[in-house]
Structures are given as structure tokens and as C-alpha cells.
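Colleague: Could you walk me through this fold as you would read it yourself? I'd like the general idea before each detail.

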Amino acid sequence: QPLLETAVIGRNINYHETVTSTQIIAHQLAQDGAPGGTAVLAETQTAGRGRLARNWDSAAGKGIWMSIILRPAIMPQRAPQFTLVTAVAVVQAIEEVTGLRPEIKWPNDVLLNGRKCTGILTELQADMDSVQALIIGIGLNANQTQDDFDPAVREVATSLRMEGDKPVERAVLVRSIFRHLEKYTDLYIENGFAPLKVLWESYSVTIGKRIRARTAREVLEGLAIGITDDGVLELKTDDGKIHTIYSADIELAT
Ligand code: BTN
């Protein structure tokens, strides 16, 4: 068996013991012309970042803290789809390596038993009508125990080890993520987002549920009816209006 089973993703690896954030390094490398598929990995991050300007807790040696540079020929508004494509790839990698059954909470949270084990952050280098690079950040909690988490996230976070009762080999998981991500980005380029959308929906805990969505501007409550072809969430409020939501915090409404 070859060491790497991919043609593009992970062929160029940029590994660090400690970084501020693999996103920051990946942005710089992309600016300097690093090829699509380049992956930046670190044992720990001192300033790991999450969505909505939050920190990302990155315990040393315990997780996969990785940013992948992709260079798809797409319009910038298609970028959110890659968050969903990445989520599908990560779910299948976790399934393959651990036998656990993760679920996806829109847009980017991978959950095990209702707790977050992976977050995905997609950032863009683009102008009006073309994407130079997508920087896809994956933060995967692999081998943490409860005590390894920051008290602020202890209640809502989990790891593969905590859910599966055994440690996982991070390198095996990284290779599996590369393989699944390459398969699905190839599928996307050939057949568009439609087949990926079906896959994403099959793992989703959001669609078909009554949810509360906190956007930067308002709080909306209603039924999550689906995602659009752009990967944007559609929510139907009780007055029958359909809202498209680009970015929000989602919780199940009671
Ligand atoms: C989220 O759920 O808010 C997204 C979290 C993304 C975290 C990863 S860890 C690797 C990469 N580097 C960062 O600083 N953030 C992403």
C-alpha cells in the first residue's frame, strides 16, 4: 500500500510543531503561490481561530489542526459549498477509521452524540469573479480527554477518543481525510454540487427540524427546510416567509 493515496491533496505538506494558526500560514503560502492540495499541519496552535471570530482550543498533540489550500475554478459565491463538501469528507473519514457515526450541524459542525468533535472554517482569497484560493481549516478533536478541553467548551465539545473509548492514530485519519476530500472535490468538479448536497443532507441533523438561527442581525425561528444549491440554509418562519441564511449560530428550537 502506498503512503499516500491521493494525487493532489496532501502531496505538499507543511508541518509545524507550534504555530499561531495554520490558517495564517496557509494564507501566506497561498499568496506565495503554493499549489492546490497543500496542507499545513501543526501539533498545536497558540491562536487557533473558529468561525465568528471565536478561538479554537488546540490541545498539543491531541487533535488534527490542519488547513488545506484548494484552487478550484469557481465563483466566490460557491465557496460555502466547500465547507459542506469538507464536512462530508470528514464524516466519512471518521466513520472509516473509528466506526463511529457522526452527524453534521449546518454549516460546519461535526457532532458525535450531540457534541462537537470537528469544526471547519473556509476562508477565501478572491476578487469579484474568481477564486485564487480556498483555505479550508479543519479542527478535529481526536485524542483529548475531558480535562484537555478549555473549561469554556468542555460541556459542548467531545473527541473521537471520548466517544469511541480508544485513542485514534491521527496520521491514519489525516490520510483518510485527504482521500475522501479528493474524491469529493473531484466529484464536485465533474458533477457539480447536487450529488454532494444529497450526501450532506443524509448526515444532517439540521434539515427538517425547528431551529433558532442567530445571525449577526437577528434571531429567526422556524423550520430548516433545506440548503440551496449554493450551500446556503433556507429557513421558513411561521409567517410562511423563506429566509436564506449565510452565517449563523443554530440551535434546535424547543
Ligand atoms: C469552527 O467550528 O468555528 C471552525 C473551527 C476551525 C478550526 C481549525 S483548526 C485548523 C485551522 N486553523 C485555525 O486557526 N482554525 C482552523
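Modeller: Gladly! Strands (E, at least two residues) and helices (H or I, at least four) are DSSP runs, numbered from the N terminus. Two strands pair if DSSP finds at least two bridges between them. This is a predicted model, where local features need pLDDT of at least 70, side-chain atom pairs count only at pLDDT 80 or more, and totals for chains, interfaces and linings use all residues. Residues are numbered from 1 along each chain as its sequence is written.

Colleague: In what order do the seven strands of the open sheet lie?

Modeller: The order is β1-β2-β3-β7-β6-β5-β4, with mixed pairing. β1 (13-19) and β4 (103-105) are at the edges with a single partner strand each, so one side of each has no neighbour in the sheet. Further in, β3 (residues 63-70) pairs with β7 (residues 130-141) in the antiparallel sense over eight bridges. Within that pairing, Ile64 has Leu140 of β7 as its bridge partner.

Colleague: Which residues are closest to the ligand?

Modeller: A residue is near a molecule if its C-beta atom, placed from the backbone, lies within 6 Å of it. Here 21 residues surround the ligand, and Ser21, Gly50, Gly119, Gly137 and Gly139 are the closest. At least two shell residues come from each of α1 (22-31), β3, β6 and β7.

Colleague: How is the protein divided into domains?

Modeller: Domain bounds come from an automatic or database domain assignment. That gives domain 1 (13-203) and domain 2 (210-252). Their centres, taken over C-alpha atoms, are 23 Å apart.
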